[in-house]
Amino acid sequence: MLFVELVAQGLVQGSIYALVALGLTLVYGLLRILHVAHAALFTLGAYVGVLVTNASGSLALAFACAAVVAGIGGVLMYRLAYQPLLSQPPFVALIASIGLFIAAEEAFRIVFGAQGLSFVNPPLQGQVAVGGGLQFKQAELWMMAGTVLIIGILAWLQSRTRIGVACQATVTDPQMAESFGISLRKVRDINFFVGSALAGFAGVWVALLNNLVEPTMGDVPSYKALAIIVLGGLGSVPGTLAASLVLGVVEAFGTIYIGQILDRNAIAFAFLIVVLMVRPQGLFARR
Amino acid sequence: MKSLSPFAPKLLVAALAFALPVGAAWADIKIGFNVPSTGFAAADGKSALEGAKLAVAEANAAGGVAGQKLELVVYDDQASPKEAVPAVTKMIEKDKVVVGVSGSYSGSTRAAASIFQKAQVPYVVAYAIHPDITLAGDYMFRVSAMGEVQGRGGAKLVQELGKKNVVLVTVKNDFGQSLAAGFKEGAQKLGLNIINEYEYGMADRQFGPLVSKVKADNPEAIYASGYYFNAGPLVSQLRAAGITVPVIGQEGYDSEKFMEIAGPASEGTLVTTSLDRDSDSPVTQAFLADYKKATGAGADMVAASSYTATLVAIDGLKKTGGKGGEALKNALASGSYDTPIGKLSFNDLHEVQKDLQVQVVKDKAFHRHSVIHDPVLLAPPTRAK
């Protein structure tokens with residue numbers, strides 16, 4: 001029973017990782033930038049979600065606003081911070097990204113206060129008994145369903161639509177794609193928008209699960225999502241998804257059975273080290 | 001990652017700029033105050049700063065000390081030892097503060113303690129609970145109960161509730177470890193049975209796996225250390241999983257934010273702390289009212305403790321006519337103080353002996369549950385030990 005519960009909790013956590021890491025892997029696939037500041041958009045989404053829900057009472061509107069605001073934030077980050085640095089070596093953009101992230105955290109603190117925000121009437125807090133003594137928060141079930149739905153839509157967009165194919169072509173060979181009339185700028189904008197919107201979305205889910213958004217809530221996702229995309233084989237979307245879920249479950253068991261020796265957040269990296277020793281190309285890399 | 005912060009120096013300058021107007025031109029007697037204004041502990045830092053500012057403002061409104069105004073010199077230490085060392089050094093060397101007050105956590109306060117001791121500047125600690133702080137030397141003073149003492153009090157509370165089988169959930173830092181050590185010591189003396197023990201990190205907000213395991217352990221009570229930002233989600237998730245046994249927390253829970261985060265799940269949560277909101281002491285009630293008036297928010301344990309520590313420092317300065325050094329140390333050590341967190345006096349290690357307040361969440365607010373009075377079990381350490 002405990003086993004099933006731990007697996008379920010791991011999948012809940014894994015879904016959040018998946019939403020955050022997906023955007024990161026899209027950016028890496030396209031530009032080879034380790035986009036640490038991605039986690040700031042996750043925090044931004046969470047704040048927008050709580051503020052809009054408290055003001056309007058509508059969670060659906062909150063999700064939409066959070067995704068759009070985070071998406072626009074992502075495009076702005078790309079245009080203002082990364083685009084001018086594209087000709088530099090990748091570590092330059094990485095440093096810019098770390099700087100952006102720290103600045104964003106302090107900006108959240110100054111604008112929204114250090115204490116963090118909560119929902120006045122937290123939605124989706126009811127209990128659902130799934131049978132066999134298993135009990136979930138409504139928000140947890142919705143989140144897993146929502147993650148599957150979103151990823152399904154994304155997969156469809158990427159393989160069946162013109163712009164999706166253009167994105168894939170750009171990842172494979174930017175110069176060739178450009179010579180076929182694909183606008184690199186447009187593809188990059190869309191990628192940043194979609195990836196960042198997903199992070200904003202994840203932020204609202206986490207706000208719902210914890211009923212707390214704080215300036216520093218992006219700290220852990222900022223580096224853990226990096227570990228996940230390495231595990232998944234850098235730039236691979238299916239690999240990232242699988243790595244997120246596996247890591248969620250490994251952490252769930254790790255917290256309980258080796259929590260006294262290894263911190264929950266260290267487990268991710270211990271796991272990463274073991275995997276890289278056995279499969280240096282990542283768990284799910286195509287190569 | 002924080003070590004890469006290119007903004008830290010600028011933030012320090014900003015913190016300073018904010019601090020200066022407090023004193024204005026005639027400020028003569030300087031009180032140093034290290035506090036986490038940025039970083040993960042910034043919320044507690046804000047409460048601490050408000051508490052200290054209130055104490056200084058009240059003293060200045062009453063005419064200051066020996067005809068001079070007091071000035072609070074504020075430095076941001078991000079609750080981190082490596083930020084605290086330069087901040088406190090500057091405070092002593094450049095600003096020439098006559099006394100220091102810590103409005104910060106144990107990590108940074110431990111680092112600051114030895115610097116104050118070496119410079120022979122008295123240092124009054126508000127709510128950092130690590131044992132090493134007062135061991136740094138005779139210029140150290142602490143107005144709150146040490147972690148071990150609070151932990152022993154927690155065990156006593158479990159016994160008074162008539163429970164025996166407990167699960168221990170500990171936050172992995174100085175605060176949590178010393179509470180857990182005290183709790184285990186008390187549990188052994190009082191014959192409690194610790195079924196299982198878990199640890200979690202400061203950054204954790206999601207406790208799904210831990211909650212599942214605690215449910216399987218089926219305890220009669222849960223002793224969980226942490227801060228409101230951990231405890232709010234933890235208590236809410238425990239209740240959501242259908243665990244209804246008493247949850248006992250400590251002063252880290254002691255913030256209105258706790259009820260805001262955990263919502264209805266917070267009802268009935270017990271905390272051992274130093275601030276009794278239902279106290280009939282006029283000093284406590286006056287502080288609660290003044291704080292509310294000054295800030296618009298209700299006071300928490302951090303605000304009350306920082307106010308108290310600053311008050312104690314000012315009281316000492318009044319006795320020495322504003323002089324620091326050894327005279328102030330002796331004045332502080334021999335004084336007795338009527339404060340919002342009770343009547344205090346220091347023992348030979350400059351720790352305070354006091355009763356432990358147990359508060360319970362009722363109708364979205366902390367109220368008095370009981371008071372643990374056990375001078376033997378709650379005895380602070382002394383110099384001899």
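Leu124(A) is found in the loop between α4 (90-112) and β1 (127-131) of chain A. I start there because its backbone stands out: most residues other than glycine have a negative phi. Leu124(A) has a positive phi of about 55°, and it is not a glycine.

Gln120(B) sits in the loop between α4 (106-119) and β4 (123-125) of chain B. Its phi is positive, about 55°, and Gln120(B) is not a glycine either. With 15 C-beta neighbours inside 10 Å, Gln120(B) is partly exposed.

Now chain A as a whole. There are 11 helices and two strands in this chain. Reading from the N terminus, the order of elements is α-α-α-α-β-β-α-α-α-α-α-α-α. The C-alpha trace of chain A spans about 60 × 50 × 35 Å along its principal axes. What radius of gyration would a compact globule of 287 residues have? The answer is near 19 Å, and chain A has 19 Å, so the two agree. Of the 287 residues in chain A, 53% are buried. Take the contacts in chain A between residues at least 6 apart in sequence: 76% of them join residues at least 24 apart.

Which residues of helix α6 (residues 162-172) of chain A are buried? They are Ala166(A), Cys167(A) and Thr170(A). These residues cover an arc of only 100° around the axis, which means that they lie on the same side of α6(A). What do they pack against? The partners are α1 (2-31), α5 (138-160), α7 (174-179) and α8 (184-210), again in chain A.

Leu276(A) has 14 other C-beta atoms within 10 Å, so it is partly exposed. Leu276(A) and Ile33(A) are 243 residues apart along the chain, and their C-alpha atoms are separated by 20 Å.

On to chain B. Its secondary structure comes to 13 helices and 14 strands. The C-alpha atoms of chain B fill a box of roughly 60 × 45 × 40 Å, taken along the principal axes. For 385 residues, a compact globule would have a radius of gyration near 21 Å; chain B has 20 Å, so it agrees with that estimate. Of these 385 residues, 59% count as buried. In chain B, among contacts between residues at least 6 apart in sequence, 72% join residues at least 24 apart.

Chain B has an open sheet of seven strands, with mixed pairing. In what order do the strands lie? The order is β7-β6-β8-β9-β10-β13-β14. The edge strands are β7 (193-200) and β14 (365-372) of chain B, and each of them pairs on one side only. On average, neighbouring strands of this sheet are turned by 25° against each other, direction ignored.

Two of the pairings can be followed in detail. β6(B) and β7(B) pair in the parallel sense over seven bridges. Gly249(B) has Val271(B) in β10(B) as its bridge partner.

A helix lies across this sheet. Helix α6 (residues 147-160) of chain B lies across β6 (165-171), β8 (221-224), β9, β10, β13 (356-362) and β14 of chain B. The helix runs at about 145° to β10(B).

Last, confidence. The predictor gives the complex an ipTM of 0.87 and a pTM of 0.85. For chain B the mean pLDDT is 90, and 92% of its residues reach 70 or more. Where does pLDDT stay under 50 in chain B? One such stretch is residues 1-7, with eight contacts beyond four places in sequence in the model. Another is residues 11-25 of chain B, where the pLDDT is below 50 and the model has 18 contacts beyond near neighbours in sequence. Where pLDDT is low, the predicted coordinates should not be read in detail.

How values were computed
Residues are numbered from 1 along each chain as its sequence is written. Chains are lettered from A and ligands numbered from 1 in the order in which they are written. This is a predicted model: local features need pLDDT of at least 70, side-chain atom pairs count only at pLDDT 80 or more; totals for chains, interfaces and linings use all residues. pLDDT is the predictor's confidence in each residue, from 0 to 100. Two residues are in contact if their C-beta atoms, placed from the backbone, lie within 7 Å. Helices (H or I, at least four residues) and strands (E, at least two) are DSSP runs, numbered from the N terminus. The radius of gyration is taken over C-alpha atoms; the globule rule is 2.2 Å times the number of residues to the power 0.38. A residue is buried if 20 or more other C-beta atoms lie within 10 Å of its own, exposed if 12 or fewer, and partly exposed in between; C-beta atoms are placed from the backbone. Two strands pair if DSSP finds at least two bridges between them. Axes are lines fitted to C-alpha atoms, for helices over the stretch in contact, and angles run from 0 to 180 degrees between N-to-C directions. The arc is that of the directions from the helix axis to the C-beta atoms.
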